[in-house]
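Please open the model in your viewer, with the sequence panel beside it, and follow the selections below one after another.

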Amino acid sequence: VHDIGCGRLEPEMKIMVVKAFSKYTRVFITSEQELPTELQPYQIPCGPEKIHDALYYADLLYGDSATMALEAACLGTPAIYVDDRGRGYTDEQEKKYGLVFNFSNSRDDQLRSVQKGIEILKMSEASRRVWRDKAERMIGEKIDLTEFLVEKVLEF
């Protein structure tokens with residue numbers, strides 16, 4: 001319910017994305033909604049407890065979940081986030097770290113997002129280290145929230 005009013009990729013666009021990306025990598029889909037029949041064979045064959053493993057080994061995350069885009073970025077997997085309502089943290093991931101690429105739900109922007117995805121997928125295997133280095137830099141610049149909270153609690 002927190003996504004009420006957010007745009008979604010139309011089924012035709014989802015099919016186009018899968019066809020385009022399938023030329024460069026194996027495609028898996030997670031979805032909270034029922035998938036069109038044509039996309040059901042791509043549904044990821046693992047439970048939600050394994051999604052971060054899948055994200056870590058993925059070549060790219062493409063979708064309309066800001067949370068998943070951020071999680072992919074933290075794992076060193078580039079992400080394309082498509083949604084009309086941007087999130088400040090995905091903006092930071094794009095501008096400061098180059099890990100998330102933000103696009104609106106306009107048809108033109110969605111087409112640009114597919115081109116960006118293909119550009120990423122065409123990068124060499126050596127680029128995997130580049131993405132991991134970006135993620136390590138980003139994580140290194142953030143505080144350890146658990147450590148911070150423990151310190152604050154112990155101050156009392």
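Begin by selecting helix 3, residues 66-74, and colour its buried residues, which are Ala 66, Met 68, Ala 69, Ala 72 and Ala 73. These residues lie on the same side of helix 3, because they cover an arc of only 165 degrees around the axis, the arc being that of the directions from the helix axis to the C-beta atoms. Buried here means under 20% relative accessible area, exposed means over 50%, and partly exposed is what lies in between, with a 1.4 Å probe and protein chains only. Helices (H or I, at least four residues) and strands (E, at least two) are DSSP runs, numbered from the N terminus.

This is a predicted model, in which local features need pLDDT of at least 70 and side-chain atom pairs count only at pLDDT 80 or more, while totals for chains, interfaces and linings use all residues. Residues are numbered from 1 along each chain as its sequence is written, and side-chain values use heavy atoms, with hydrogens and water left out.

Now show what surrounds helix 3: its buried residues pack against helix 2 (51-57), strand 1 (61-63), strand 2 (79-82), helix 4, strand 3 (100-103) and helix 6. Contact means heavy atoms within 4.5 Å. Then step just past the end of helix 3 to Gly 76, which takes a positive phi of about 85 degrees.

Next, select Ser 113, which has its place in helix 5 (residues 107-121). Is Ser 113 buried or exposed? Ser 113 counts as buried, because its relative accessibility is 0%. If neighbours within four places in sequence are left aside, the residues in contact with Ser 113 are Tyr 62, Ile 80, Val 82 and Phe 103.

How many disulfides does a search of the whole structure find? The search finds 0 disulfides, a disulfide being a pair of cysteine sulfur atoms within 2.5 Å. The sulfur of Cys 46 has its closest cysteine sulfur in Cys 74, 19 Å away, which is too far for a bond. Cys 46 is partly exposed, with a relative accessible area of 31%, and Cys 74 is also partly exposed, at 32%.

The last selections concern salt bridges, in which a side-chain nitrogen of Lys or Arg is within 4 Å of a carboxyl oxygen of Asp or Glu. By this rule the count comes to 11 salt bridges.

Select Glu 141 and Lys 96, which form one of them, with the closest N and O atoms 3.5 Å apart. Glu 141 lies in the loop between helix 6 (127-140) and helix 7 (145-155), whereas Lys 96 is in helix 4 (residues 88-97), so the pair ties together parts that are 45 residues apart in sequence. Both ends are partly exposed, Glu 141 with a relative accessible area of 42% and Lys 96 with one of 41%.

Continue to Glu 136 and Arg 129, whose salt bridge has its closest N and O atoms 2.8 Å apart; Arg 129 is partly exposed at 44% relative accessibility.

Finish in helix 7, where the side chains of Glu 155 and Lys 152 meet in a salt bridge of 3.8 Å, N to O. These two residues are separated by about one helical turn, because they are 3 residues apart in helix 7. Glu 155 counts as exposed at 58% relative accessibility, whereas Lys 152 is partly exposed at 35%.
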